[in-house]
Structure formats: structure tokens, C-alpha cells
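Let's take a friendly walk through this structure, from its strands to its cores. Keep the view open as you read.

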Amino acid sequence: MKGMTIERMAQACHARICKKPVDQAVFEKEAAGIVTDSRQAKEGFVFVALPGERVDGHDFIPQVFENGALAVVCEREPEDAKGICLLVESTREALKKLAALYLDELDIPVVGITGSVGKTSTKEMIASVLAQKYQVHKTAGNFNNEIGLPLTVFGLTEEHEVAVLEMGISDFGEMSRLAAVARPKVSVITNIGICHLENLGTRDGILKAKTEVFDYLRDDATVILNGDDDKLCTVAAVQGKTPVFYGMGEKLPEGAAYDKKSIYAAAVENKGLRGIDFDLHLPGGTHRVHVAIPGEHNVYNAMAAAGVGLALGLSEQEICAGIEAARTIGGRTNLIEAHDYLVIDDCYNANPVSMKAALDVLTQGEGRTIAVLGDMFELGADEKQLHYEVGAYVAEKKIDWLFAAGELSKELVRGVEEYPDHTTQYDYFGTDVDALCARVCEFVRPGDTILIKASHGMNYPRIVQALTK
């Protein structure tokens, strides 16, 4: 890892070095990697011992030294340390400081992506576009928090030319801490929705929390915002520069800080589960492009990616090629054909906006349309009403069947029940997800289209696995 010597790391995280090496060459040796999982602490690696509720990384320090670790970052010195220990007040804080040091050493542009909905799918689209010109490193899975983001950074190598980092938060101050590590050259905010209301209170609170990133941007950074979002469109200059706004149609909404968008879409043609065609208007001209992923929200992802591409020097032809090359990942509107029916695996996470978008995709399916839904978490005081509204949306879209489990999902069912003249049939399983899974597997038949979606904590991937094995 470029520049990541014991001396540099100790300076970065204000560590006291315990058991200094006799050989100065060891002190100046670059780490082979930085990890928080003791099982990954191979020879030459640095292990950061994180304390946890169930497992304390400090308990594994003897093991990692036996495996050849170069050093350990810890909050308390082991009684009989077999190697170099960097003693710090907080290993969690040290992890972030080490990641910031490494990014500074590599000196590559960082694209930071946040927003209430669509961070991961937007990240994938941006990575697909940038891959037309650069070697791209991107956030994997849900590594988007104060531990996951540094670990993503440590996955960078000197071959990478740009980092695409997803930045997820649920409270005030978190974005500041993430952005202080990432220091984005390009900042993308997808929308201001109704996630994490428990801590952030209102959409204005969410806007305030998300835009903390602006205080940590690199010099001459580019800010890319969804101009159709009624909160984001009011953002004026950031670092003296006008943000790049994108959205449907050229004109920004009433009350916006400016009149027009820099990037916009028109003539959208929804081809159902085969994707979407639309006219992409860029500063250099208009391009007819095809997104192979179903759901009109992917038009927004494509426009955000186009903005990033322009900011980092791609041609408009490269941008369009990258959009057309984009594909989905597991748990994100992932279409799986199995046993002559189609499963829409969108069960990575859920909130009211993404739930409704997924239901829109389901309506385009063939055969019976079946929604297998579960609780949405962290919605605050209005959680029951928001579940009720999603249930009403199921009925409004004339989904054939709703299967639901979870304490809050009884409100989904009530939303269907009370919708006037609804045709949706339903079955509710309380909190018994296993019973729901067994019933759905028994119920489906060839030709059906089945959507699976709930918050991550509901563990709905097991239903996908059961349906597709």
C-alpha cells in the first residue's frame, strides 16, 4: 500500500508505538493491506482491532501476529505483544484516519454518492460509465458506513484511476465524518426522501445531513444533483460553482435556485422488463440511449452517471456506451428466471419510494403479478402510515397477490383492504417469514412474475433462494 508505513500511519492516527522494531527497515516497510477481520490479517498486513458488542478485535491480536501481521492498531496494549502495536484512543477513528491518509497518497479522484434512495444502483451506473475510460474501484455490497467506507478505500491499488464510493448515513454528523475521509472530487446526491426519519426528523433534516458533504469537497469539485427533487433544486452555488442539475425535461421546478438543467431526459419509452429507451440531452448534443435495466428510475441513474462522466473528462460517446453496458446486481431489481417464472430480486433494502418503484416494475411482468413484501425500517413516527400508503399503492397498481410478513406489514395489508374496489388478493403471516416463504414457494406457478422486497433486516434473500434453487 503506497506510503502506508508504520511511521506514516502512527503520525496519521496520533498513535503511540509500543514495542518499536529493532530493525529500522521494518519501521519503514509499507503495509501489504489493512483489515479489521483477523482471518484476513496475512503476512505484512496491519490489523485494526475494533471493539464490538459481541466480538472484540483485541482478543485476536496474538493470532494475527502468529500469522505474520506487520502491526496492530489497538486501544489497549496486549500483555505480551509479539509485534508492533500502534496504541490509539479509538480504533474506529484511527480506521478513518488511515483511509484518509491512503487516499491522499494515491491522489485519485473520488466520486462520492449519497441520497435517500438509489445510491447503489446509481453507483453501479456511474462505475459502468467511468469504466469506458478508467480503471474503477467501487463500493462493494453495503460497505458505505464509517467502517465499510474505509475498508473500501483499503481495497484500492495503484492501478486504480478513480474511486466510486457510496456514502450512507442515518444521523447528523455521519456525513461529515465520511466526507472527511473521502474528500470527493465529484459529489452526487440522488434525492432527499423519507429514510432515517427516526434520527433526522424531516426531509429538511435529511437535506442538512446529506449536504454536510459540501464542507469536505476537493478544490474545484463538481456537485451533481437531482433537479427534480424539490429540496435539492434549491441548492445554490457550492464552493462558488453552480451545481450540475439533471432530471426529466430541461426546466427546473418552481422555487429552484436556477432555471434550467444541464442534463435532461426526454421521449422516454418504457420497454417493460426489457429496459428503457430515452433521449439524453447533454451539452454537446442529444443521444438516443438504451438502459437494459427495468424501471424508469434508472433514467435518473443514467443522467447522474452522465454528469460524472462529463466532470471526469469522458466523451459523450463514451458516456452513452457506459450507460448501455450497465447491468444490475443481486438484490437490486435483479431479474432471475427459474422454473418458468420470473423473480424480481429487489430485497437488499426498502423504503416507501423504492418500494413503489419496484411495484411499478412488477406491473410490467407477465402472468400473475405477485408482491412478496416485508417491513421497512427506520421510518420514524409515521412508519405505520407509510406502510399503509405502500399497501394502497399495491392495490392501486392492481397487483394480483400480496404476501406479507413483519409487524409493520400488517399496515400494508390494511392499505390493500381499505382501498376502494381493490382486486388484489392477499395473505399475511404475522412475523413468521418461514411460513411466508413456504406458502409462496407452494403458490407460484409457471408464467408468474414475483417481486421480493423488504428492509435488509427482514432477511428476504432466503425467499429468493428458495424460489430459485
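## A parallel strand pair

In this predicted model, strand β9 (residues 186–189) and strand β10 (residues 222–226) pair in the parallel sense over four bridges. Within this pairing, Val188 stands opposite Ile224 in β10.

## The sheet around the pair

Both strands belong to an open sheet of nine strands with mixed pairing, in the order β7-β8-β6-β9-β10-β11-β12-β13-β14. The edges are β7 (136–138) and β14 (285–291); each has a single partner strand, so one side of each is left without a neighbour in the sheet. Direction ignored, neighbouring strands here are turned by 20 degrees against each other on average.

## Helices α10 and α11

Now look at helix α11, which lies across β13 (276–282) and β14 and runs at about 15 degrees to β14. Helix α11 (residues 316–325) also meets helix α10 (residues 297–311): their axes come within 10 Å and cross at roughly 145 degrees. This crossing is right-handed.

Which residues of α10 and α11 meet? From α10 come Ala302, Ala306, Gly309 and Leu310, and from α11 come Glu316, Ile319 and Ile323. The residues of this contact divide into five nonpolar, one polar and one charged.

## Two nonpolar cores

The largest nonpolar core has 63 residues, of which Met9, Ile34, Leu86, Leu98 and Phe214 touch the most other members. Helix α4 (residues 91–106) supplies the largest share of this core, eight residues. Apart from this core lies another, of 34 residues, including Ile126, Ala265, Ala305 and Ile323.

Leaving aside residues up to four places away in sequence, Leu98 touches Met4, Met9, Cys13, Ile34, Val48, Val73 and Phe154.

Definitions and conventions
Residues numbered from 1 in each chain as written. Predicted model: local features only at pLDDT ≥ 70, side-chain atom pairs only at ≥ 80, totals over all residues. Heavy atoms only, no water. Core = buried A, V, L, I, M, F, W, Y, C linked by side-chain atoms within 4.5 Å. Buried < 20%, exposed > 50% of the residue type's maximum accessible area, 1.4 Å probe, protein only. Helix = DSSP H or I, 4+ residues; strand = E, 2+ residues; numbered from the N terminus. Contact = heavy atoms within 4.5 Å. Axes fitted to C-alpha atoms, helices over the stretch in contact; angles between N-to-C directions. Left-handed = near helix turned anticlockwise from the far one by under 90°. Nonpolar A, V, L, I, M, F, W, Y, C, P; charged D, E, K, R; others polar. Pairing = 2+ DSSP bridges.
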